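Subject: Structure handover and notes

Hello,

Here is the structure I said I would pass on. My notes follow below it.

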Amino acid sequence: MFASFIHALRAAGLPASITEWLALMGAMKAGVADYDLDDFYYLARTTLVKDERHLDRFDRVFGEVFRGLEPPTTATGEVIPRELPEEWLRKLAERFFTAEEMAKIEALGGFEKLMETLKQRLAEQQRRHQGGNRMIGTNGTSPFGAEGYNPEGVRIGQEGSRHRRAVKVWDRREFRDLDDAAALGARAMKLALRRLRRFARQGEAKELDMEGTIGATARNAGTLDLRLRPERRNAVKVLLLLDIGGSMDDHIRASEELFSAARSEFKHLVHLYFHNCPYERFWKSNRRRQEQMVPTLEVLRTYGPDWRVVFVGDASMAPYEITEPGGSVEHWNEEAGKVWLRRITAHFRRVAWLNPVPQNQWGYTASIGLVQEALEGRMFPLTLEGLEGMAKALR
Amino acid sequence: MRKFRSTERYVATRELEVAVNAAIALQRPLLVKGEPGTGKTVLAQEIARSLGLPLIEWHIKSTTKAQQGLYEYDAVSRLRDGQLGDPRVRDISNYIVKGKLWEAFESETPVVLLIDEIDKADIEFPNDLLLELDRMQFHVYETRQTVVAKHRPIVVITSNNEKELPDAFLRRCFFHFIRFPDRETMERILQAHYPNLRAELAREALEVFFRIREVNELKKKPATSELLDWLKLLMIEDMPPEALRSNDLKVALPPLYGALLKNEQDVHLFERLAFLSRARRP
């Protein structure tokens, strides 16, 4: 069983090696876990997982391999009263009620009342779907998730399990947000991006300046005079603007690899998201589009002209999304996309656009030509040569 | 070896206890990550305290080199001494300055060694310490001696995730990710730090605190250490709990917010939220 566990982990892409496996066995022998499944879970996690991004994958594999080993849950089948998490309720409110219903309830008793009603409704549902002796979280699927009420499917059961013994913590999958799932095989990209590095002498004078020392010592007639200078450091600042959604779905993997390669290569790297064409705002996080917006003007104010801007997008859209005010597919934009593109290229001296669409197909899409034009020809395909061209353009 | 448990001053979850005990039992370094302010550095201090061992702290900066943890050969002062004809110059060991790791290896009792914020250093830094942390020994070229640890120290390494650590290094460590404490744990933490804190004040303060953390746009979400600082201030000012309650976050900033919000954009954000909700009110 244990051997199949490590194989399952490796199959799921966790870089667990034999060293770590032996360490786990050693710790078991040393009696750290003492025949307690929860402790074994914690121990296995601390020995086999080395990065919080892998925690979620680990939880899933652990759940699959050790399913059925856990002590039976409250066998009487009684429903344990539980509190439903607030924020979760709030999120669900929109899905459970129509707009009119919401308005009606809100007229009756405001938001609190709305929450109360929703809580009741959910509680009823829960009992109906429960029936047996298992709680929501224990099967890793929630009754709501199955019916499409909760797209995230994470938080369900979390509040509830706290009142019981901490069985099956791994099924709660609390680390899901940390899993970026992008394969890190992008070493070639990393090397290409390395060309972007610019070294500058900055900070404290720590390095021996050999020539300066020899010169100064000679001038002193042989009495030692040490000269120091600051070390060279990578001083490149990169602003990565990623197109997300729509036609970019096919290219998400490529952009993710680029992103994971870029992250380790620069000291300053900021990434923002847009859809199709940049307008008056960007998103800070792809998941929470509506909540975390940054006005483009603020971006221009915050990051000086010495930042290098890299757009990543397929630039494939209807031409009016670039040329006309109000052309955006998502909202009403006062000013046309090309105005914003011009503003960005005017502020940042070094701008490039990476396009995952193969270069020989660029001619078939009018909008690619428009963006090319706005960027004065600094669009490059997402290939190694393209990256090198980009590095040159950003120098 | 005794086992690590939560102390009256430090609340450790079961998962953290298991991780620490595994690291102690197998004498491997423990790598601790987590949001800033969740007690990564304090963990090492508490391990030392609860096991009754001395603590050696090595704080890493961007200029720190791995070699500095072992020893440094102060060639410059030897050169100066040589020019002045100082007799000390004959013995090279006069110019070997011991580092924190040497100190830990040399100690007569086992020690806890904290390598704090390892991600601040250069990307090659962890690689340079692989052998030293694995075998707990290193060689001093200048004096041709090998320093071997008398007792393998308990090594705690913290990281804020500013840089990715190399695989070879990770393979030699145990890893624990400190999650942000939930409300229950947070109440225990408050109890542990301020045993005579009034329950009402604690409740109201936690209410405000978790509501602030809900705001997603914050640049730096306040963490445990900020909460503790803030409560201390509230206690010094003898703030009545009502002052927090009447204080709907949407109407104004909480009193003494400076302890919770650490940058001006965040403060502005709250002022804006407050302004918007006032404007919306009838």
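In which helix of chain B does B:N21 lie? B:N21 is part of helix α1 of chain B, which covers residues 14–26. Before going further, please note that this is a predicted model, and the values below were computed from it.

B:N21

The relative accessibility of B:N21 is 7%, so this residue counts as buried, the cut-off for buried being under 20%. Leaving out residues up to four places away in sequence, B:N21 touches B:K3, B:F4 and B:R5, and also A:V32 of chain A. One of these residues, B:F4, is 17 residues from B:N21 along the chain, and the C-alpha atoms of the two are separated by 6.2 Å.

The chains

Chain A has 395 residues, of which 47% are buried. Its secondary structure consists of 16 helices and 9 strands. Of the contacts in chain A with a separation of 6 or more, 70% are between residues 24 or more positions apart. The accessible surface of chain A is about 20,100 Å², and 51% of that belongs to carbon and sulfur atoms.

Chain B has 282 residues, with 49% of them buried. There are 13 helices and 9 strands in chain B. Residues 24 or more positions apart make up 73% of the chain B contacts with a separation of 6 or more. Chain B exposes about 14,000 Å², of which carbon and sulfur atoms supply 50%.

The second largest pocket

The volume of the second largest pocket is about 440 Å³. It is lined by 16 residues, and the closest to its centre are A:K206 and A:E207 from chain A and B:Q68, B:E72 and B:Y73 from chain B. The elements that give two or more residues to this lining are, in chain A, β1 (199–208) and β2 (228–234), and, in chain B, α3 (66–70), β3 (71–73) and α4 (75–84). Strand β1(A) gives the largest share, 4 residues. By residue class, the lining of the second largest pocket has 7 nonpolar, 6 charged and 3 polar residues.

With a relative accessible area of 0%, A:S367 is buried. Not counting residues up to four places away in sequence, A:S367 touches A:A315, A:S316, A:M317 and A:I322.

The other residue is A:N276, placed in the loop between β4 (268–274) and β5 (281–283) of chain A. A:N276 has a relative accessible area of 7% and is therefore buried. Its side chain makes a polar contact of 2.8 Å with the side chain of A:E321.

A residue in helix α1 of chain A

A:S4 is found in helix α1 of chain A, residues 2–11. Its relative accessibility is 40%, so A:S4 counts as partly exposed, a class that runs between the cut-offs of 20% and 50%. A:S4 and A:V65 are 61 residues apart along the chain, with their C-alpha atoms separated by 7.8 Å.

Positive phi angles in chain B

B:Q27 is not a glycine, yet it has a positive phi of about 55 degrees. B:Q27 is in the loop between α1 and β1 (30–34) of chain B. Is B:Q27 buried or partly exposed? At 37% relative accessibility, B:Q27 counts as partly exposed.

B:M136 is also not a glycine and has a positive phi of about 55 degrees. The loop that holds B:M136 is between α7 (130–135) and β6 (137–140) of chain B. The relative accessibility of B:M136 is 1%, so B:M136 counts as buried.

That is the end of my notes.

Regards

Methods:
Residues numbered from 1 in each chain as written. Chains lettered and ligands numbered in written order. Predicted model: local features only at pLDDT ≥ 70, side-chain atom pairs only at ≥ 80, totals over all residues. Heavy atoms only, no water. Buried < 20%, exposed > 50% of the residue type's maximum accessible area, 1.4 Å probe, protein only. Contact = heavy atoms within 4.5 Å. 1 Å grid on protein atoms, 1.4 Å probe; cavity = no way out; pocket = protein on both sides within 12 Å on 5 of 7 lines; lining within 4 Å. Points joined across faces, edges and corners; volume = space filled by probe spheres on them. Nonpolar A, V, L, I, M, F, W, Y, C, P; charged D, E, K, R; others polar. Areas by Shrake-Rupley, 256 points an atom, 1.4 Å probe, with all protein chains shown as cover. Polar contact = N/O pair within 3.5 Å; in protein donor to acceptor, adjacent residues only side chain to side chain.
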